[in-house]
Amino acid sequence: MDPRIAYTTTSDGLSIAYWSLGDGMPLVQMPAFPLSHVHLEWQIADARRWFEALSPRVQLIRYDPRGAGLSERNTSDFSTEAQIRDLEAVATQLGLDRFALFAAGDMAMTAIAYAAANPGRVSHLILWCGWARRADVSGSAQTGTLRALLDQDWEIYTNTVARVLLGWGAEEQASTFAAFFRECVTPEVLRTAIDAVYDVDVSNRLAEIQCPTLVLQPHEMKNPSVSVALGLAGRIKDAKAVMLEGASPLWFGEGINDVLGAIAEFLEVGTMRAVTTPAPEVSSSRTVLFTDIEGSTSLTERLGDAAARSLLRDHERIVREALRAHGGVEVKTMGDGFLASFASASEALESAIAIQRAFDDHNRSAAEPIMVRVGLNAGEPIADDRDLFGTTINEASRIMGLANGGEILVANVVRELAKGKGFAFADRGETVLRGFEEPVRIFEVSWRTQV
């Protein structure tokens, strides 16, 4: 079950979203800015396994930093001192007298500064692919190229970062991750934050750290390099450096159990191990359903983060109720939409109709209507690690993208599977979906006249 998200306020008046899960030694996992969203992270299967492996052994605390995720984004102060105020607000709200810190990337600099200044409060410090001086990583050719992309095209930038993190062959996963990235932060905030950290150097604070420190780094990773990690550990008294297999900057990726094992041994909290990822396999035939809120980006810009988030909670509640009522399995959500799977086309159509009717009822009295578009397809998608991939999924997403708010569009195969079941369809003709060569016949479900 996803943890309950709560909010606290920093000393400079910003709202910070956080959650706490489990008992035992408090471990604050600091945000890997800009990739931070305390709600949507739970929809990423690998990240969820990470949280579920940690929380039985420690009291795990996660928060979104200022400018990202569900925390307040209306700020221009991303200094180390400002980042520390976010951490202090959460720790104070939870009454944490002493706690361990886990930090990655740029946030390692904030963790180092905080641990050095608060030796009595930080019990353990864990640094994953971190650095004490931004110049150690910002001078690479890759960093310069990505920065140029950020200034030119937000979508291409996020897609490129996703492929750098996950590998260039991870097409479906990278697309999902890039969409997650765009939900976490805006390009304007990211540019401001990058400008704030590029000259940060806390290397003079390393000798002041008194708590046990663990430096973790995949030995094949190029930026930061192993030499940066070893140099970091070498300047902290009695720090332990562990070089792990692989090259991924994601601590919850392929080597997740090695990372968990090193942390468990360091914290002395017993064995921690994530559930083994099952091998990909071809599923049986399924009908899949995509939903999406029409104009969700402009909605957030118009209403502001807090009001838009409240609206999204209504959306999530309504969709999930309709899925449960008709046997749907929620595969994933990206905040403003869902992917769900059904054993039969009839159940999927009934759920889609229930979704539209529920939003129609909601919009009659709502100050801000929620217009949802729905697309359905059927086939044999690839099931891999609680997610679905393949042609069936891609076509369903494209079909949903053709719909207007309040519409349900389906591929002809769904109509054929549900023939004789009392559903009314209107022929929308053949269309060539983006990325496909063969045309697909699309039908609209006449849900307002459905019995």
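Okay, let's start with strand β12: G337, L339 and S341 point one way, F338, A340 and F342 point the other way, and all of them are buried. Keep in mind that this is a predicted model.

Now, who are the neighbours? One is β10, residues 286–293, which pairs with β12 in the antiparallel sense over 6 bridges. If you want a spot to look at, find F290, which stands opposite L339 in β12. Then there's β11, residues 329–333, which also runs antiparallel to β12, with 4 bridges joining the two. Over there, E330 has A340 of β12 as its bridge partner.

The structure holds 14 aromatic pairs. Take F33 and F78: their centres are 6.0 Å apart with 40° between the planes, which makes the pair tilted. F33 sits in the loop between β3 and α1, F78 in the loop between β4 and α2, and they're 45 residues apart. Both F33 and F78 are buried.

Next up, F102 and W251. Why is this pair called edge-to-face? The ring centres are 5.6 Å apart and the planes sit at 65°, and over 60 counts as edge-to-face. F102 is in strand β5 and W251 is in the loop between β8 and α10, so the pair ties together parts 149 residues apart in sequence. F102 and W251 are both buried.

How values were computed. Residues numbered from 1 in each chain as written. Predicted model: local features only at pLDDT ≥ 70, side-chain atom pairs only at ≥ 80, totals over all residues. Heavy atoms only, no water. Buried < 20%, exposed > 50% of the residue type's maximum accessible area, 1.4 Å probe, protein only. Pairing = 2+ DSSP bridges. Phe/Tyr/Trp six-rings, centres within 6.5 Å; stacked < 30°, edge-to-face > 60°.
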